[in-house]
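Please consult the sequence and the structure shown here alongside the text.

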Amino acid sequence: MTAPVSPLQAAPEADQPLLKIEGLCKSFFGVEVLHKVGFSLKAGRVLGLVGENGSGKSTTMNIIGGVHQKDAGQIQFDGVDYKPKGPRDAARQGIAFIHQELNLFRNLSIAENLFITEFPKLVPGLPFIDRAAARKRAAELLAAVDLDLSPSTLVNKLSQGERQLVEIAKALGAKAKVIIFDEPTTSLTTRETERLFDIINRLRAQGIAIIYISHILDDVMRICDDIVVLRDGHVVGSALKSDMTIERMISLMVGRSIDQLFPPRDYSAPKGEPVLEVSGVTQRGTVKDITFTVRAGEVLGISGLMGAGRSELARILFGIDPYSSGEIKVSGVPVVAPTPTVCMDHGMAFLTEDRRVEGLMMEAPIDNNIALSSLQKYAGGLGGFIDHGRLDGDVQKMSASVQISAKDIARTLVKNLSGGNQQKVVIGKWLLREPKIFILDEPTRGIDVGAKNEVYKIINSLAARGACILMISSEIEELVGMCDRIMVMAHGEIRATFDRGGFNREDILRAAMWDGNRSTAA
Amino acid sequence: MTSADATIASKARPLPAWKRLLLSEYLVLILTVVYFAVMMFVVPEIATADTLLDVLSAMMPLLVVAIGQTFVLIVAGIDLSAPSIIAMASVVGASVMTGDAGYANGSGLEVIAGILAFLAVGSVIGLFNGTCVTRFNMPPFIVTLTTMMFFSGAAIWYTTVHTDASSIGNLPRSFIEIGQGRVAGLPLSLAVVLVVAGAAHFILSRTVYGRWLYAVGLNPKAAAVSGVPVRKVIFWAFVISGVCAAISSVLYTGRLETGTPVLGQRILLDVIGAAVIGGVSLFGGKGKILWTIFGVLFLTVIDKSLQLMGLPIASVFAIKGSIILAAAIIDAQRHRLLVSR
Amino acid sequence: MSGFRGKFSLLVLQNAPLLLFAVLVIVFGLMSDRFLTPINFVNIVNQASHIAIIAIGMTFVLLIAGIDLSVGANMYLSAAILGVFLVGMPPLVAFPVVALLGLAFGAVNAFMITQLRVAAFITTLATLFIGRGIALYFSGNKMVPFSKSVLAFGRATYLGVPSAIWVFAIVLIIALVVLKLTTFGRQVYAIGADPDAAAKAGINVKRVVFTVYCICGVCAAVGGLVSGSQVAVASSTFGFQKEFPVIAAAVLGGTSLFGGRGGVLGTVFGAVLIQTVENGLVMTNANPYIYPLVISVIIFIAVFTDSSRTTVLERLERRKIRVEPD
């Protein structure tokens with residue numbers, strides 16, 4: 001890890017913007033999604049772009065990245081008019097876009113991924129790849145992002161954080177002057193996030209301009225120099241970081257101030273009988289000796305770092321993944337040979353952390369998604385015919401009660417909904433079964449502040465009705481705001497449990513940072 | 001509410017008539033009718049009662065296989081083995097019933113035993129396909145490709161064991177009636193097909209299993225997490241396809257009066273083509289029995305008209321291919337139209 | 001040493017088809033004196049070459065998660081054109097012409113798939129019918145005999161190696177170089193793994209896909225030529241349903257139908273394996289009716305072990321979050 005990549009160019013005059021956007025407009029099918037958006041970005045600075053889902057962040061970045069074409073407005077890049085014909089053209093002109101879902105090919109090596117469009121050639125003009133040169137240049141680029149791996153390693157073998165660094169190396173290789181990060185930290189461990197921020201700082205020092213999009217406002221405050229807030233396709237705020245606070249960002253994003261992001265609940269209300277009793281659940285390589293109890297009407301939070309085994313535990317509890325020893329009891333009855341179906345029969349419900357892959361039929365309308373888990377409840381007779389009248393009525397009621405905003409739930413496909421509405425569809429699907437145990441894995445991931453608030457209200461009303469709730473979240477703030485108790489996991493073990501009176505951010509974080517008795521590979 | 005098919009979302013204002021037509025689920029039926037109307041001028045014989053009855057009885061066996069295939073396609077599978085099931089069932093069933101030393105000959109129950117043999121062959125092969133796909137995680141294309149190769153070979157081999165001829169004849173008259181008989185002027189096979197199609201339609205649109213099929217086709221992971229027994233659902237789709245192929249084999253064998261090992265050899269691509277022309281997606285989650293019926297009707301009418309025109313086999317092939325292609329292009333364009341709204 | 005043992009067992013799992021091949025060779029060798037001879041080996045490769053050539057083209061298509069059902073029709077069309085129109089031409093002129101026609105056939109598929117966005121399965125199903133129809137029209141639904149010069153080419157040997165094997169070897173080397181050593185080849189794998197990501201990464205996906213179907217078209221036509229020059233006449237069933245053994249050869253060689261995994265060496269191995277079985281059955285005087293049964297069982301076993309291996313690998317590679325003492 002020697003030869004650092006040469007700084008890409010000397011920083012231009014600090015007061016001359018590298019990228020200047022003015023009056024950017026864009027409509028899709030007659031709906032205006034961007035209205036006269038304008039901001040400017042200087043070399044060697046990090047600009048944070050924040051806003052709720054649907055505020056126009058992605059569209060703006062997609063126009064800069066060449067994915068979409070603008071309807072009106074001006075973009076000046078490096079002093080000249082900039083009009084990319086496509087993503088490839090944008091990349092060639094020096095704009096790199098690191099998408100939230102990383103665009104790497106798992107079946108190819110790191111080096112091949114770095115040069116997939118522009119391999120070094122053996123003989124200029126002929127199509128043959130110079131593999132040795134590719135490896136050498138790849139090694140240099142990897143060194144520049146502190147990634148100590150052989151360039152011929154398959155991407156398949158890399159962790160999420162390592163893959164992200166490969167993407168950055170790719171941007172460096174393409175001599176990018178502007179790098180756009182779209183939600184880069186959502187699937188990184190704390191350590192990986194720190195490493196990413198170090199690299200971003202280094203890029204900034206090299207004179208590269210960075211646009212940083214994130215929902216995690218703490219991160220934005222930490223890493224950015226300038227902050228632009230979007231709402232409904234308009235720029236509603238634009239300031240130096242020093243003139244901005246998280247509270248102000250939130251109120252700009254929402255358009256009103258949220259005094260009460262976390263709706264109140266009567267935490268002192270007496271809890272009911274134990275509903276979910278987990279004792280000694282162990283699965284080699286995943287979780288060890290997990291023991292806890294949740295009572296009716298209680299909200300139990302599970303905190304921990306990425307990869308602490310929280311989601312794995314949830315999947316074991318819901319019968320998706322196996323466990324080797326221990327016992328799970330629901331209302332005193334042991335759950336035998338758990339599968340999702342068996343667990344559902346015990347009154348469990350499970351909100352997955354990845355709603356696109358495991359939660360929804362994206363190509364189906366809303367009503368079919370909501371009905372999916374409850375069909376048997378509405379079927380009877382010899383042929384198992386569905387009572388469509390009753391089913392449709394209940395689905396309609398459910399959709400209204402979780403406040404899904406769509407004109408016609410039988411016609412609107414789920415893929416056309418916003419993240420928040422999609423999440424409400426998944427929640428509605430489970431509520432239709434009237435679960436007594438609801439396991440929520442990252443219930444507010446990737447949804448905007450308004451929708452978050454509505455999800456919290458639903459959770460509270462469930463708890464008030466006597467359901468027991470297991471809530472997994474990476475945002476400690478959210479757990480502190482919502483839970484009766486918080487359990488902290490690290491390396492597949494429960495490290496601490498806190499009662500509502502004793503919630504303390506630092507203690508929770510310290511328990512989560514436990515590094516195990518031996519260091520792990522991941 | 002409609003069933004779990006991909007409902008055509010209409011968020012925008014009313015569309016012009018041609019777009020509405022293009023997006024209509026009756027498009028294939030309309031195309032068939034238009035084609036038929038044009039053909040009435042080219043070959044007037046096409047509009048006679050005899051021809052129409054011919055078309056009807058020709059499409060019956062094909063339709064039953066296509067209905068079975070629809071189930072498999074909805075779960076994003078494919079069943080290439082259907083034609084070989086037809087062939088294998090045909091010779092096994094015939095060997096049970098035939099007057100030339102058939103296994104059940106003279107027992108008085110030969111027709112029933114024969115039909116049971118047909119269904120047994122279909123369900124056993126379907127069970128095998130389903131097991132390989134769901135238990136051993138093998139890709140449906142390859143599993144059914146190998147069962148296709150195996151059983152088309154096995155059918156020929158089985159025939160050589162039973163007879164020196166290339167097929168097994170001398171079947172009971174009452175069996176042949178199933179394929180050839182008419183009731184009130186309509187083919188008896190129509191009754192069989194109506195029962196199968198009706199049952200299939202109700203399973204898909206009205207039962208839990210039907211909804212599960214679509215869910216598995218659209219997103220198997222989400223279906224599993226939502227409590228759908230994904231493996232069972234896929235497994236039974238293959239069994240249904242096998243049984244449908246066996247029923248089709250009964251109709252075919254009855255029509256031809258012999259158990260033939262090359263029966264259905266050439267219909268594989270017709271079956272899948274018909275389903276897809278009707279609008280069933282090869283990628284799963286989308287399909288209806290009605291669409292499959294339209295697709296089969298479309299292909300059969302074209303076949304018949306080309307035959308009536310007395311065209312050489314070369315032209316029949318080329319025209320049929322072009323029409324499939326045209327239908328596919330129209331379908332692709334309407335998808336584009338759907339997406340762009 | 002445990003690492004070595006682990007690697008060894010994985011190696012066994014990964015090479016199940018190879019082991020199967022070894023077992024078959026030994027069994028046939030024990031049953032027939034003529035099987036394990038150099039002449040017979042050349043013979044097997046010679047007979048396998050047309051399937052191998054077409055399957056090499058099919059491998060490109062499968063690598064991008066596509067499919068081409070029209071290869072059999074393409075094969076027949078090239079043979080018919082060669083036998084009907086190019087009678088007077090010497091093979092060295094006629095063959096490139098036919099290869100170009102094969103490319104045109106592939107380009108038609110490619111146009112439908114990339115420009116009109118018709119599913120590959122349906123496109124090639126339709127061109128299967130159309131191609132066969134046109135070929136039948138040219139041949140007048142009769143046997144098409146080939147000219148003497150074509151037959152002479154089919155029987156010729158160079159340096160003791162039959163011409164078909166030479167053609168096959170050339171196609172194989174070109175394919176290997178293209179897949180391993182060119183940007184295009186690596187992009188084929190990238191598109192197979194994730195077409196959306198490929199487009200976002202700036203790969204011209206349409207152009208690559210287009211080229212891939214053209215390559216498959218050329219390979220099908222060349223395969224048709226090779227096969228035609230060996231059999232002397234093309235009957236009206238020439239190439240009929242060839243798509244299935246071709247796909248089987250590729251899959252047998254470890255190429256995934258879902259794209260991004262596999263390669264031409266495996267495919268060639270698959271084609272030779274199928275031919276070896278057929279040859280071995282002939283040598284051991286087996287009942288000809290059971291050939292397809294045996295071959296399909298072997299393909300089944302190969303795919304079965306491959307699927308089990310994938311399942312095992314997935315289980316092994318499941319991310320561990322705890323390090324447990326051994």
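## A serine in chain C

Beyond its neighbours within four places in sequence, C:Ser78 makes contact with C:Val98 and C:Ala221, a contact being heavy atoms within 4.5 Å. C:Ser78 belongs to helix α4 of chain C, residues 71-84; helices (H or I, at least four residues) and strands (E, at least two) are DSSP runs, numbered from the N terminus. C:Ser78 counts as buried because its relative accessible area is 4%, where buried means under 20%, exposed over 50% and partly exposed in between (1.4 Å probe, protein chains only).

## Basis of the model

This is a predicted model in which local features need pLDDT of at least 70 and side-chain atom pairs count only at pLDDT 80 or more, while totals for chains, interfaces and linings use all residues. Side-chain values use heavy atoms, without hydrogens and water; residues are numbered from 1 along each chain as its sequence is written, and chains are lettered from A and ligands numbered from 1 in the order in which they are written.

## Chain A: confidence and domains

The mean pLDDT of chain A is 86, and 93% of the residues score at least 70; pLDDT is the predictor's confidence in each residue, from 0 to 100. Residues 1-13 of chain A have a pLDDT below 50, and this stretch has 18 contacts in the model beyond near neighbours in sequence. Over residues 518-522 of chain A the pLDDT stays under 50 as well, with 8 contacts beyond four places in sequence. Where pLDDT is low, the predicted coordinates should not be read in detail.

Chain A is assigned domain 1 (18-94 + 178-187 + 198-259), domain 2 (104-176), domain 3 (275-347 + 435-517) and domain 4 (357-434), the bounds coming from an automatic or database domain assignment. Taken over C-alpha atoms, the centres of domain 2 and domain 3 of chain A are 40 Å apart. A:Gln164 lies in helix α5 (residues 160-173) of chain A and is buried because its relative accessibility is 5%. Leaving aside neighbours within four places in sequence, A:Gln164 contacts A:Ile98, A:Leu102, A:Pro184, A:Leu188 and A:Leu196.

## The second largest pocket

The second largest pocket has a volume of about 1,300 Å³. On a 1 Å grid over the protein atoms alone, a pocket is an open set of points with protein on both sides within 12 Å along at least five of seven lines, a cavity is a set where a 1.4 Å probe fits but cannot get out, and lining residues have an atom within 4 Å of a point. Grid points are joined across faces, edges and corners, and a volume is the space filled by probe spheres set on the points.

Among the 40 lining residues of this pocket, C:Phe240, C:Gln241, C:Lys242, C:Pro245 and C:Glu278 are the closest to its centre. Helix α6(B) gives the largest share of the lining, 5 residues. B:Met148 is found in helix α6 of chain B, and its contacts beyond four places in sequence are B:Leu80, B:Ser81, B:Ser84, B:Leu268 and C:Phe244.

## Cavities

The structure holds 6 cavities of 30 Å³ or more, and the largest cavity contains about 80 Å³ of space. Its lining includes B:Leu27, B:Asp331 and B:Arg334, and α14(B) supplies the largest share, 4 residues.
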